[in-house]
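Dear colleague,

I am handing over the structure that we spoke about, and my notes on it follow below. Please read them with the model open beside you.

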Amino acid sequence: MQCRTDLGLCVAFPPSPVTRSGTQKAAFVGSSWPAKMAAPAGKLARGWSVLALNLRTAVPRLPGLTQVRWSRYSPEYRDPQTDKEYYRKPLAELTEEEKCEQELRKTQLIKAAPAAKTSSVFEDPVISKFINMMMKGGNKVLARSLMTQTLEAVKRKQFEKYHAASAEEQATIERNPYTIFHQALKNCEPVIGLVPILRGGHFYQVPVPLPARRRRFLAMKWMLTECREKKHRRTLMPEKLSHELLEAFHNQGPVIKKKHDMHKMAEANRALAHYRWW
Amino acid sequence: TMLNRVTRLVPRARQLDPGHFLHGGPQGPQGLAVHLDDQVPDETPRAGSRPSEDDPVKTFNEACLMVRRPALELLRYLDGTNFAHQAVRYVLYGEKGTGKTLSLCHVIHFCAKRDWLVVHVPDAHQWVKSCRGLLRSAYSRQRFDQPVEASSWLKSFKTANERFLSQIKIQETYMWNKRESTEKGRPLGEVVEQGLTRVKNATDAVGIVLKELKSQSCSGAFRLLVAVDGANALWGRTTLKREDKSLMAPEELALVHSLRKMVRNDWHGGAVVLALSQTGSLFTPRMACLPQELLGKEGFDALDPFVPILVSNYSPKEFESCVQYYLENSWLQHEKAHTEEGKKELLFLSDANPGQLERLCAYL
């Protein structure tokens with residue numbers, strides 16, 4: 001995902017795969033595609049102006065589009081390396097390029113690591129993303145505790161099933177809450193999505209292949225919406241979430257149904273597929 | 001307080017007969033499992049502050065305790081008690097989550113196995129806060145009854161000590177009201193029945209039971225163990241209000257009054273084991289764990305000659321055996337938890353605190 005971090009600015013309308021990979025573009029608002037490309041712009045501790053920006057990068061000024069999503073870091077800042085194994089490798093084992101890179105890191109500017117990113121062995125980026133999506137009002141403590149309670153609830157339910165089952169069934173029952181979580185989200189990801197495209201004054205829902213991160217986002221979003229809105233008011237989030245995750249793991253439940261609905265709509269609208277130009 | 005869990009970890013689950021580990025002396029945490037077998041299911045304390053779906057008995061399909069140094073020390077003392085002398089009071093104290101309640105459970109199980117009569121109060125804090133249905137006591141106008149708590153305690157006492165209830169005979173006649181009374185010489189079971197059926201008299205029934213047990217333990221027919229968890233509630237403050245909305249002192253509760261009399265050492269023929277607890281206590285600072293801080297001046301003076309037993313965090317060997325038990329039961333499902341790195345991280349995050357380790361391993 002190098003384009004995200006090293007870019008000056010990013011485009012925010014459905015671009016072709018060529019533009020995704022690294023040319024510097026501006027992030028603009030005014031399109032229907034919610035681009036996830038980060039747009040680091042501006043220099044840390046120095047005021048930046050649009051003129052300076054224009055000088056640094058060739059920004060195409062497109063009419064009707066304004067810039068969004070920038071970061072306080074300028075492009076020369078590198079991402080932090082939180083992997084403990086990287087630093088533990090003895091000097092002899094490093095290849096030439098790794099040695100070179102380590103030397104470089106001593107002098108280069110590095111961004112601050114976010115508070116939620118640790119060098120713990122138990123850390124999982126998918127779980128962190130899910131916690132961020134569950135968070136409301138910046139209350140990360142609550143979101144994280146809900147997630148841990150959900151995982152615990154999933155584990156306990158599976159253990160109960162395990163103890164109640166016979167020996168052959170015990171081999172099939174999965175007790176690891178992390179594998180269940182990952183598999184459930186994978187099962188909920190849609191393969192194809194719909195995008196509104198403007199043609200002749202009307203918006204048509206055009207079936208379009210989704211990039212991997214959009215699919216992951218949709219799976220998590222549907223899961224959370226389902227749990228927050230469609231359940232009884234008095235049930236707690238860990239209870240609802242664990243139930244939904246287990247159902248999705250077995251390819252049942254309302255979230256899987258929503259995925260299938262999306263697929264059916266895409267199939268129904270397949271005549272419009274030629275409206276896509278990328 | 002982790003009362004509900006009579007289970008704790010230990011690897012190499014071997015059946016251990018009760019006399020075995022005592023001969024070896026308190027060699028510290030030997031990491032042997034004491035399986036609570038079917039003869040003793042009801043005597044193990046079931047009440048507690050944990051929600052029932054967290055019950056490890058259901059999760060693991062077994063109930064295990066880790067044999068640790070404080071419990072072993074206590075058991076050694078209990079074995080060597082001289083029943084002609086006055087009852088010795090042992091106080092388990094320590095930081096939050098170190099295992100005071102489970103050591104108490106271990107001791108209760110040990111004594112129950114040896115046919116002692118166990119008077120167990122799972123959480124004294126429940127008696128001094130959020131009680132509904134307080135009544136003015138008929139026996140003494142200044143004190144208050146708690147019918148709900150008293151009847152639930154009588155129920156658990158009955159299931160725990162069935163066989164003693166028919167053996168012990170009361171030594172006085174008690175008049176409940178104009179029509180009902182229990183004569184001298186009737187078995188103690190009748191007093192308990194009366195308390196369960198007539199809920200208004202439940203607190204008085206509890207008081208009678210405790211009084212009778214105390215006076216008769218000197219005779220030597222049975223050995224009495226008084227086990228109270230959250231003992232600092234008896235001398236603290238309450239959040240219960242009188243009719244005129246002023247706060248009550250614990251002495252005004254009849255249950256607390258009778259329990260305080262029980263815990264005094266003016267009887268012989270048994271022992272008293274108390275466990276302090278800050279978690280459920282009222283108006284105590286969070287970092288308080290020492291007896292002086294939790295009991296206050298009044299409580300400390302009331303308990304004065306007592307044997308303090310410190311319950312601390314896991315030693316490295318105990319921690320290792322704990323993690324091993326979890327791995328054997330496949331409770332730790334995360335693939336990184338099996339590695340050395342994972343174990344070091346667990347040690348760092350939990351600081352060898354048993355409670356914290358359990359909460360960590362619950363979601364890993």
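How many helices and strands does chain A have? Chain A has 12 helices and six strands, where helices (H or I, at least four residues) and strands (E, at least two) are DSSP runs, numbered from the N terminus. Please bear in mind that this is a predicted model, in which local features need pLDDT of at least 70 and side-chain atom pairs count only at pLDDT 80 or more, while totals for chains, interfaces and linings use all residues. Residues are numbered from 1 along each chain as its sequence is written, chains are lettered from A and ligands numbered from 1 in the order in which they are written, and side-chain values use heavy atoms, with hydrogens and water left out.

To stay with chain A for a moment, 36% of its 278 residues count as buried (under 20% relative accessible area, with exposed meaning over 50% and partly exposed in between, for a 1.4 Å probe and protein chains only). Among its contacts (heavy atoms within 4.5 Å) between residues at least 6 apart in sequence, 66% join residues at least 24 apart.

Turning to the interface, 24 residues of chain B are in contact with 16 residues of chain A. The two chains bury about 2000 Å² between them, 54% of it on carbon and sulfur atoms; buried area here is the accessible area (1.4 Å probe) that two parts lose on being put together, summed over both. The rule finds two salt bridges across this interface, a salt bridge being a side-chain nitrogen of Lys or Arg within 4 Å of a carboxyl oxygen of Asp or Glu. One is formed by the side chains of Glu341(B) and Lys84(A), at 3.9 Å from N to O. On the side of chain B that touches chain A, α2 (56-60), α12 (340-350) and α13 (354-363) of chain B each supply at least two residues, and α12(B) gives the most, with four residues.

Finally, Gln216(B) belongs to helix α8 (residues 202-217) of chain B and is buried, with a relative accessible area of 8%. Its side chain reaches the backbone oxygen of Lys169(B) at 2.5 Å. Leaving aside neighbours within four places in sequence, Gln216(B) is in contact with Ile168(B), Lys169(B), Ile170(B), Gln171(B) and Phe222(B).

With best regards

Technical notes. Polar contact = N/O pair within 3.5 Å; in protein donor to acceptor, adjacent residues only side chain to side chain.
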